[in-house]
Amino acid sequence: MTTVSSPRSRGRRSSRPSAEDREQAILATAARLLEQKPYGEISVDDLARGAGLSRPTFYFYFRSKEAVLLSLLEPVIHRADSGFDGALEKLPTDPRRSFHQGIRTFYTAFASHPTMARAGTEALATSPEFRALWSAFMQKWIDQTTALILAERDRGAAPDTIPARDLATSLNLMNERTMMAALAGEEPAVAADHVVATLTHIWLTSIYGRSV
């Protein structure tokens, strides 16, 4: 005779949260709390309690609250990272459009999640773990911008002025500070709807010596 599990017992097993459920609960808790208070005021205990977990169980899924923030920001950073994909091929035909598109993609990626962007800015000042990740991306963007500037100089479209890497570093650091000030609502700051156009103008005039 075949024994069939009762619906009640099946329901009891399926109601147990999976590892993915618990991880998502922690992330959802973090996203909710970031809407309510600054990142620095959120503790591991807050995250664990909000997800219905004990503090030791939290550490089974994330090694720190910085790791939670990194997980939340990872898709945003990767979206921003796509801004200059294919730019080297597009530059000769339309430099203005290429740089405008890259800067806009970067800005809108973070503008779509302003509370996370503000938390990331705060974490940069306090977390070596977060700073190391962000620095790696910044270095990639600087390297990419340097290559674009050198390519434009090699084809005679841009003047050979200051070292390309110094220019690329300054432009990317300027982007970071200008965008984050606008997203945080700081004073003074460039108006949010002027950020992309302003930065694009500065990039073009700095690289080409004129607004192309």
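In which helix is T178 found? T178 is found in helix α10, where helices are DSSP runs of H or I with at least four residues, numbered from the N terminus.

## Basis of the model

This is a predicted model, in which local features need pLDDT of at least 70 and side-chain atom pairs count only at pLDDT 80 or more, while totals for chains, interfaces and linings use all residues. Residues are numbered from 1 along each chain as its sequence is written, and side-chain values use heavy atoms, with hydrogens and water left out.

A cis peptide bond joins E187 and P188, with omega at about 0°. In general, most peptide bonds are trans.

The two helices α10 and α11 pack at an angle of about 170°, and their axes are 11 Å apart; axes are lines fitted to C-alpha atoms over the helical stretch in contact, and angles run from 0 to 180 degrees between N-to-C directions. The pair α10 and α11 is therefore roughly antiparallel, the class for angles over 145 degrees. On the α10 side, the contact (heavy atoms within 4.5 Å) is made by L167, L171, N172, M174, N175, T178, M179 and A182. The α11 side supplies V195, L199, I202, W203, S206 and I207. These residues divide into 10 nonpolar, 4 polar and no charged, where Ala, Val, Leu, Ile, Met, Phe, Trp, Tyr, Cys and Pro count as nonpolar, Asp, Glu, Lys and Arg as charged, and the others, Gly among them, as polar.

## Residues T178 and L199

T178 has a relative accessible area of 18% and is therefore buried, a class that requires under 20% relative accessible area with a 1.4 Å probe and protein chains only. Apart from neighbours within four places in sequence, T178 is in contact with V190 and L199.

L199 lies in helix α11 and, at 1% relative accessibility, counts as buried. With neighbours within four places in sequence left aside, L199 is in contact with I103, M174, N175, T178 and M179. The C-alpha atoms of L199 and L171 are separated by 8.6 Å, although these residues are 28 residues apart along the chain.

## Helix α7 against α11

Helix α7 (residues 95-111) also packs with α11, at an angle of about 135° and with axes 9 Å apart. The helices α7 and α11 are therefore oblique to each other. From α7, the contact is made by P95, R96, F99, H100, I103, R104 and Y107; from α11, by V195, V196, L199, T200, W203, L204, I207 and Y208. The residues of this contact divide into 11 nonpolar, 2 polar and 2 charged.

F106, found in helix α7, is buried, with a relative accessible area of 12%. Beyond neighbours within four places in sequence, F106 is in contact with A80, W134, W141 and M179. Its C-alpha atom is separated by 9.0 Å from that of F84, 22 residues apart along the chain.

## The nonpolar core

The largest nonpolar core has 63 residues, and those with the most contacts inside it are F99, F110, W134 and I207. Helix α5 (residues 65-81) gives the most to this core, with 9 residues. Such a core is a set of buried Ala, Val, Leu, Ile, Met, Phe, Trp, Tyr and Cys residues joined through side-chain atoms within 4.5 Å.

I207 touches F99, I149, A158, P159, L167 and L171, not counting residues up to four places away in sequence.

Technical notes:
Buried means under 20% relative accessible area, exposed over 50%, partly exposed in between (1.4 Å probe, protein chains only). Angles under 35 degrees count as roughly parallel, over 145 as roughly antiparallel, 65 to 115 as roughly perpendicular and the rest as oblique.
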